[in-house]
Amino acid sequence: MEFLGLFNYWVVIVLMMIGFYIVICSNNLIKKLIGLTIFQTSVFIMYISMGKIDGGTAPILAEGVTLYSNPLTHVLILTAIVVGIATTALGLAIVVRIKESYGTVEEDDIHAKDKQA
Amino acid sequence: MIVHLSVLQVIIPLMAAPACLLLRKRELVWAFATLATFVTFAVSVLLLSQVMQSGAISYDMGGWEAPWGIEYRIDMLNAPLLVLISGISAIALLAARTSIENEIPENRHSFFYIAWLLCMAGLLGITATGDAFNVFVFLEISSLATYTLIALGKDRRALWASFQYLVAGTIGATFILIGIGLMYVMTGTLNMADLAQRLPEVENTKTVFTAFAFFIVGVCMKLALFPLHLWLPNAYAFAPSIVTTFLAATATKVAVYVMIRFIFDVFGFEFSFTHFPLQEILMTLGIAGIFVASIVAINQDNLKRMLAYSSVAQIGYLILGISFASQTGIMATLLHMLNHGLMKGALFLAMAAVVYRMGVANLSQMHGIASRMPLTMAAFLIGGLSLIGVPLTVGFVSKWYLVSAALENGWWPVAAAILLGSLLSVIYIWRVIEVAYFKSVSNNTPDVKEAPASILIPMWILVLANLYFGMDTSLTVSVTQMAAADLFGGLL
């Protein structure tokens with residue numbers, strides 16, 4: 001039961017490790033960025049899960065409702081999502097320029113070209 | 001006006017950045033950005049003097065009272081750092097117009113100044129805010145601007161360096177985000193002062209331990225603590241020289257500040273050093289960083305890369321100061337933060353001058369360069385002496401306090417390690433001095449003139465600051481002493 005209760009957090013850990021693994025082990029820069037995005041997204045899920053309160057509803061003042069979920073984590077994560085998008089966009093822009101000047105987006109090839117020069 | 005100083009500190013550069021877009025002409029943009037930076041500098045000096053007179057300033061953003069609203073809090077710990085960031089930025093911008101002429105294509109100059117202002121706003125924001133989540137947001141503002149600035153480098157390797165930094169920096173920032181999230185889930189607050197009060201109630205939970213571990217590792221990534229420093233040497237070596245000057249003097253210092261703030265203020269001394277083996281970890285990594293990075297620095301041909309490795313070593317000293325967990329240790333760290341900003345600023349500006357004239361700063365092409373660029377190399381010499389820690393320079397002052405903090409704890413092997421580390425820096429600075437002063441000019445040396453005054457003047461301002469604060473230590477020592485006393489105030 002405890003396992004199921006913590007389901008969200010298990011998902012967070014699994015996603016985080018998948019993302020981290022891709023960032024470290026992938027040779028392709030685009031894939032690295034995808035991994036990075038998955039890694040960040042897992043943290044977003046963690047924040048949103050934190051705000052949920054059992055039986056709580058959306059934080060809107062209404063008759064007869066006293067238990068609300070915490071909206072602050074959602075607001076925080078909205079900011080973090082914007083930051084994440086900016087990071088991905090900037091990362092992709094840099095990858096485009098790497099492709100222009102190196103002619104490749106594979107890490108090994110870039111290292112090989114740098115060694116030659 | 002005076003009441004709003006703490007927020008103006010961050011708002012001025014943040015608003016000046018988009019305003020630059022409207023100006024379009026690059027000379028105008030430069031003049032405007034420099035003006036905005038000087039105003040910011042004046043604001044931070046005012047803030048420091050206000051803090052010194054009447055204690056910490058708390059500002060409620062938008063009139064929302066802390067801990068519900070976002071609080072900006074200026075005290076003895078961050079006020080001097082604000083002065084350092086805006087001061088170095090102002091001085092470096094004076095030289096920037098000339099320095100980037102040869103390094104950045106003309107049509108990108110306006111964007112360069114915009115990214116610069118955003119980077120500065122981010123760094124100032126991290127330092128001024130009293131809200132944990134705000135730290136993350138400003139960290140990302142400054143980081144994103146930094147990736148852009150590094151990618152502007154002339155060499156295509158700058159792109160690769162920037163990408164590597166982006167990946168490392170984002171992982172670090174995400175770790176910090178996890179740490180902040182876990183702190184929030186345990187305490188329900190993001191305000192630093194409030195966190196400091198509520199964390200002790202729950203400090204024996206796994207969640208708080210995890211939060212602390214994630215947060216510290218994330219910050220260590222940002223401050224390039226050995227062995228998480230791998231992004232730094234390339235980023236500093238291939239970024240435009242003037243960007244390196246600014247970043248080397250300020251960016252890592254801000255991360256060190258965040259670390260001190262959270263270890264001592266938010267989590268508290270008790271938790272960090274008794275519940276957590278932080279002392280052993282930081283001391284080992286600090287000393288390892290000093291030695292490994294200094295030895296690597298000795299073998300570099302590219303001088304910007306050499307100084308970058310030397311920065312990693314200097315970060316080792318800063319971390320070592322924290323690991324002493326004593327008032328003198330923290331004071332030494334704070335002092336070295338400011339002093340290292342001054343010396344690295346001067347050294348990298350000298351490199352910017354060399355790069356301006358020669359295109360690169362490779363030692364193999366610098367035989368007898370001192371006869372061609374006497375003022376630049378003299379500045380490098382003084383900056384280098386300061387880095388080594390020769391008396392009458394700022395480097396001596398901070399090393400002195402570091403060594404006395406080590407002896408105060410009775411850790412004489414650590415004191416010996418600090419001195420040994422300084423000897424290593426003698427070696428890599430001497431290599432440059434020998435080639436520049438004592439080798440005769442060879443065919444390999446390009447025919448160059450002294451750097452233009454627009455780079456020389458800012459450079460010498462920093463060099464003179466190195467000497468001035470090395471001789472008259474009353475201001476820096478008293479400020480850092482008060483800051484350290486504040487941090488330990490709750491304990492004594």
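B:Ala224 sits in the loop between H8 and H9 of chain B. This is a predicted model. In it, B:Ala224 has a positive phi of about 60 degrees, although it is not a glycine. Is B:Ala224 buried or exposed? Its relative accessibility is 0%, so it counts as buried.

The loop holds another backbone feature. B:Pro227 lies in the loop between helix H8 (206-223) and helix H9 (232-238) of chain B. The peptide bond leading from B:Phe226 to B:Pro227 is cis. Its omega is near 5 degrees.

Where is B:Ala325 placed? It is in the loop between H13 and helix H14 (327-358) of chain B.

B:Ile322 belongs to helix H13 (residues 303-323) of chain B. Its relative accessible area is 0%, so B:Ile322 is buried. Which residues does it touch, leaving aside its neighbours within four places in sequence? The contacts include B:Val256, B:Met259, B:Ile260, B:Ile263 and B:Phe264. B:Phe273, B:Leu282, B:Ile330 and B:Thr333 are also in contact with B:Ile322. Sequence distance and spatial distance can be set side by side for one further pair. B:Ile322 and B:Phe488 are 166 residues apart in sequence. In space, their C-alpha atoms are 13 Å apart.

## Salt bridges

Side chains of opposite charge can pair when their charged atoms come close. How many salt bridges are there over all chains? The count comes to 8.

One of them is in chain A. A:Glu107 pairs with A:Lys32, and the closest N and O atoms are 3.3 Å apart. A:Glu107 lies in helix H5 (residues 107-116) of chain A, while A:Lys32 lies in helix H3 (residues 29-51) of chain A, so the bridge ties together parts that are 75 residues apart in sequence. Both A:Glu107 and A:Lys32 are buried.

## Salt bridges in chain B

B:Arg26 and B:Glu106 meet through their side chains in a salt bridge, at 3.5 Å from N to O. This pair also links distant parts of its chain, 80 residues apart. B:Arg26 is in helix H2 (residues 26-54) of chain B. B:Glu106 is in the loop between helix H3 (79-99) and helix H4 (109-128) of chain B. How open are the two ends? B:Arg26 has 25% relative accessibility, so it counts as partly exposed. B:Glu106 has a relative accessible area of 54%, so it is exposed. A network of salt bridges links B:Arg26, B:Glu27 and B:Glu106.

B:Arg157 forms a salt bridge with B:Asp155. Their closest N and O atoms are 2.9 Å apart. B:Arg157 is partly exposed, with a relative accessible area of 33%. B:Asp155 is partly exposed too, at 29%.

## Cavities

Rolling a probe the size of a water molecule over the atoms shows where empty space is left. A search of the whole structure finds 7 cavities of 30 Å³ or more. The largest cavity has a volume of about 120 Å³.

What lines the largest cavity? Its lining has 15 residues. Those nearest its centre are B:Leu123, B:Ser142, B:Tyr165, B:Lys222 and B:Ala251. H4, helix H5 (132-151) and helix H10 (241-266) of chain B are the elements that give two or more residues to this lining. H10(B) gives the most, with 5 residues. By type, the lining of the largest cavity divides into 10 nonpolar, 4 polar and 1 charged.

## Where the chains meet

The size of an interface is often given as the accessible area lost when the parts come together. About 3000 Å² is buried between chain A and chain B. Carbon and sulfur atoms give 80% of that area.

How many residues does each chain bring to the contact? Chain A brings 36 residues and chain B brings 29 residues. Salt bridges across the interface of chain A and chain B number 0.

Conventions:
Residues are numbered from 1 along each chain as its sequence is written. Chains are lettered from A and ligands numbered from 1 in the order in which they are written. This is a predicted model: local features need pLDDT of at least 70, side-chain atom pairs count only at pLDDT 80 or more; totals for chains, interfaces and linings use all residues. Side-chain values use heavy atoms; hydrogens and water are left out. A salt bridge is a side-chain nitrogen of Lys or Arg within 4 Å of a carboxyl oxygen of Asp or Glu. Helices (H or I, at least four residues) and strands (E, at least two) are DSSP runs, numbered from the N terminus. Buried means under 20% relative accessible area, exposed over 50%, partly exposed in between (1.4 Å probe, protein chains only). On a 1 Å grid over the protein atoms alone, a cavity is a set of points where a 1.4 Å probe fits but cannot get out, and a pocket is an open set with protein on both sides within 12 Å along at least five of seven lines; lining residues have an atom within 4 Å of a point. Grid points are joined across faces, edges and corners, and a volume is the space filled by probe spheres set on the points. Ala, Val, Leu, Ile, Met, Phe, Trp, Tyr, Cys and Pro count as nonpolar, Asp, Glu, Lys and Arg as charged, and the others, Gly among them, as polar. Contact means heavy atoms within 4.5 Å. Buried area is the accessible area (1.4 Å probe) that two parts lose on being put together, summed over both.
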